[in-house]
Amino acid sequence: MRAAVVAVSKKLMSTHIMHVVGARPNFMKAASTLQALARRNNIRQSLVHTGQHYDANMSDVFFQQLGLPEPDVNLAVGSGSHAQQTAEIMARFEPHVLNEKPDLVLVYGDVNSTVAAALVCAKLRVPVGHVEAGLRSFDRMMPEEINRVLTDQLADLLFTPSSDANENLAREGIPAEKIHFVGNVMIDTLVRLLPRCEEHLPSGLPQLYALVTLHRPSNVDDPEWLEQLLQTLSELSCHLSVMFSIHPRTRERLRECKSRVGADGKLRLHDPFPYLQFLALQRRAAVVSTDSGGIQEETTWLGVPCLTVRENTERPVTVSCGTNLLIGRETDRLREEVDRILSGSKKTGQVPPLWDGCAAERIADIIVQAF
Ligand code: UD1
């Protein structure tokens, strides 16, 4: 009886932190934060999956490999237009928040789930923490940029991965006391799991290969440009193996444009890889080409050259300090840079400040202090 009373009063005293994830890049960020908070006293955590990403190879396998607990609730929103998806997340998340009354809701990155959850909480006056705050591409054509700006305006605690993010937030009038430069939580997960990734390396891997991912609307929703990119990758695959991990959005677009590129088997098209396999592949790659945000960061930490098929990046530290190069919409430049790398002249870089595997620990300390 006495034990039960103690348990109940402990539960009453504990701070309830609710994490909201929805899309693939959120999972790696939430994993390290959940684990760091689990090491603190008097914290109760719950996990909400919005279901923005629902394919097993975009979600379930990440939960398993990252050691994420089963979500307490899955809102199962699925796909839709931006407005539909965002609105659906809000409508399904609001009753859950009203019911659970969390003390703090943590949102991650820049996906639709991030801004939808932040907006619900702001209206209910539930404090919000934004992990990976302050990043800016200054390109409002990117849906993620809109999500970033709005989420940061709504958040009460803003955890930044790099000093440029602090400058962006200051410029947008966010009070300094809300902003905490903690480092990169995605790198925490990389540091933790890197020793385990080699055993997940796919068999029959070529000695020399390029690893490619492309899924941004700016690259895959324009059929002519997509065809041009595929043609270039196909040409490159005469010099080195090209492994192209195909995101569901890209798969759909390829089906729509009925591209014949890749049909000759030189360019290898793969379903999305699980986290550990993809990490192992990045580490061994001669070069990575991508339009993803997280991969620009991971390659910088790994010291692997990264050619980003975008005009801009919200992660400028990967260019100024790391191994990343923006190649824009120039396929000639992509060919030239790959040639340069293959001839042994690759950009070397450094690991940015506070990308040390301890960012989530800093977040946990700040949250404990705040509550
Ligand atoms: C989302 C994020 C993007 C992130 C990316 C990583 C937004 C605005 N964008 O983009 O920032 O880099 O995730 O993956 O939130 N689909 C499936 N199965 C899935 C998920 C999606 O088939 O599990 C299909 C859907 O049919 C949809 C398309 O992929 O049409 C795009 O999915 P969506 O979640 O809308 O955006 P992403 O392009 O994945």
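Predicted model: local features only at pLDDT ≥ 70, side-chain atom pairs only at ≥ 80, totals over all residues.
One of its pairing partners is strand β1, residues 15–21; the two run in the parallel sense and are joined over 7 bridges. Within this pairing, T15 has I43 of β2 as its bridge partner. Between β1 and β2 the chain passes through helix α2, residues 24–38, and this β-α-β crossover is right-handed.

Strand β2 also pairs with strand β3, residues 73–74, again in parallel, here through 2 bridges. In this pairing, H49 is opposite N74 of β3. The link from β2 to β3 runs through helix α3, residues 60–66, and makes a β-α-β crossover that is right-handed.

The largest pocket has a volume of about 1,100 Å³. Its lining comprises 48 residues, and those closest to the pocket centre are A23, H53, M58, H215 and H247. Several helices contribute at least two residues each to this lining: α2, which also forms the crossover from β1 to β2, together with α4 (82–100), α6 (143–154), α11 (248–257), α12 (275–284) and α13 (293–302). The largest share, 5 residues, is that of α11. By residue class, the lining of the largest pocket consists of 18 nonpolar, 16 polar and 14 charged residues. At least three lining residues come from domain 1 (14–195 + 355–370), and at least three from domain 2 (203–272 + 285–342).

The second largest pocket has a volume of about 270 Å³. Here 16 residues form the lining, with D139, M141, M142, S218 and E311 nearest the centre. At least two lining residues come from each of α6 and α9 (217–220), and α9 gives the largest share, 3 residues. The lining of the second largest pocket divides into 6 nonpolar, 4 polar and 6 charged residues.

Methods:
Residues numbered from 1 in each chain as written. Heavy atoms only, no water. Pairing = 2+ DSSP bridges. Helix = DSSP H or I, 4+ residues; strand = E, 2+ residues; numbered from the N terminus. Right-handed = clockwise from strand over helix to strand, strands pointing away. 1 Å grid on protein atoms, 1.4 Å probe; cavity = no way out; pocket = protein on both sides within 12 Å on 5 of 7 lines; lining within 4 Å. Points joined across faces, edges and corners; volume = space filled by probe spheres on them. Nonpolar A, V, L, I, M, F, W, Y, C, P; charged D, E, K, R; others polar. Domains from an automatic or database assignment.
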